[in-house]
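Q: Could you take a close look at one part of this model for me? I'd like to know how the pieces there sit against one another.

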Amino acid sequence: MSRDDLFRAPKGVHDVLPPESGRWARIVATFAERARRYGYGLAITPMFEHLEVFQRVGEHTDVVSKEMYELTDKGGRRLGLRPEGTASVVRAYVQHRPTPPWKVWYVAPNFRYERAQKGRYRQHWQLGIEALGVDDPDVDVEVIALLAGFYRDVGLTGTRLLLNSMGDAATRPGYVAALRTHFETHGAALGEEFLERVAANPLRVLDSKVEPWQDVIESAPQLTDHLSDAAATQFEAVQAGLRALGIDFELAPRLVRGFDYYTATTFEFQSDALGAAQSAVGGGGRYDGLAEEMGGPPTPGIGFGTGIERIVLALDALAADVTPPGIDVFVVDGVGPAGGTTVGTLTEALRAEGLAVDRAYGGRSVKAQWRSADRSGARVAVMVGRDELTRDAVAVKDLGSGEQVEVSRTGLVAWLLERKEQA
Ligand code: HAM
């Protein structure tokens, strides 16, 4: 690697900088507001955990077994960088034992050693929620409604909601055995890779996109035909709840999400705007056995994660704009050092009133400051000029029309706020 390459971000990871980061700020704030309205509190968990938190017995999926960033610290501890949010949140629940129901949201980076491509990165950010301690289909509906509403809030239209049930611990082993038998009987000629995948986990074969395997996948027994009475009733109730809220969904019996911890309801929102390979913009489901796997009490749980990078990509493809408004006012210093602290205090006073205000620094010429004002995106510039200062007034210029008026210092805030409301 050349020296120049060393000082570039590593493969598969990105900086998010202004003005792009303004969209991120808007997306995160929108999510935070929606989570607050649904009664979820913010959970911040460490970026790394003991490996066992992610690599539990029974979790053999690619994300955990192949893609995890593992490290040994100077004290010899085996640690993993968080590949996803659910395991960390459940670990925190098991450790602190908050009173259920425990409803939390998060915004956090996750790390997966993936083949980097558009929409698939080695560090990605997720917004997510987890609701622990309630085994009620109403919670499943609430979780899905929160995500659907959030997509609506940010202008992400045209998503498809796929819904499936993974059944419960009582019926799943029987189904997996039936699936394995089907694949081994009818797919014997499909080659070594197929049979290896079947041996490792026949469920994961179900959502494979390999073309020659599709016939045997299509004729495979379906999970939803193998549900226990309890799981079937639960699944019906979730569907009825979604219909009552007018949330469209498609049943997707071959939807197998990428973690072994899922039980009962699973779902995924896909967006055609993302292209076929990375079409999932968000997904989640129930994980009713996960807390117990970590030594906690039996605790039902459900949640989702949605990738910020993919939301931004999908919005780009839809040409939907979630750019937050820029600044309202640009302050031009027309007096220089003779004005003392006037410009600084005026700028702070406007900000204290809730206006977004920027200014030029470092004694630049008035002409150069006007150029900055034009570039700033502000609608209005306020100039502290020598003449105006003697009258305790400022010059206010509409940067769109070029129209300029004099406004008294005492009336300035009201004038600007009124102007902002009209915009
Ligand atoms: P996941 O489906 O692996 O689920 O990830 C959730 C979302 O994160 C995906 O739909 C996608 O938007 C985004 N994402 C995942 N991997 C990448 C990547 N390499 N690059 C860019 N974006 C990515 C989970 O992580 C579960 N913890 C979700 C959950 C929460 N289930 C229950 N509770």
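A: **A helix pair, then a strand**

Helix H2 crosses helix H6 in a right-handed sense. Bear in mind that this is a predicted model. H2 covers residues 20-37 and H6 covers residues 137-154; their axes lie 10 Å apart, at an angle of about 140 degrees. On the H2 side, the contact is made by Ile 27, Thr 30, Phe 31, Arg 34, Ala 35 and Arg 37. H6 brings Ala 145, Leu 146, Gly 149, Phe 150, Arg 152, Asp 153 and Val 154 to that contact.

Now over to strand S14, residues 380-385. This strand is mostly covered, with six of its six residues buried. In a regular strand, side chains alternate between the two faces of the sheet. Here Val 380, Val 382 and Val 384 point one way from S14, while Ala 381, Met 383 and Gly 385 point the other way, and all are buried.

S14 also has strand partners to look at. Strand S12 (residues 329-334) runs parallel to S14, and six bridges join the two.

Notes
Residues are numbered from 1 along each chain as its sequence is written. This is a predicted model: local features need pLDDT of at least 70, side-chain atom pairs count only at pLDDT 80 or more; totals for chains, interfaces and linings use all residues. Side-chain values use heavy atoms; hydrogens and water are left out. Axes are lines fitted to C-alpha atoms, for helices over the stretch in contact, and angles run from 0 to 180 degrees between N-to-C directions. Helices (H or I, at least four residues) and strands (E, at least two) are DSSP runs, numbered from the N terminus. A crossing is left-handed if the near helix is turned anticlockwise from the far one by less than a right angle, and right-handed if clockwise. Contact means heavy atoms within 4.5 Å. Buried means under 20% relative accessible area, exposed over 50%, partly exposed in between (1.4 Å probe, protein chains only). Two strands pair if DSSP finds at least two bridges between them.
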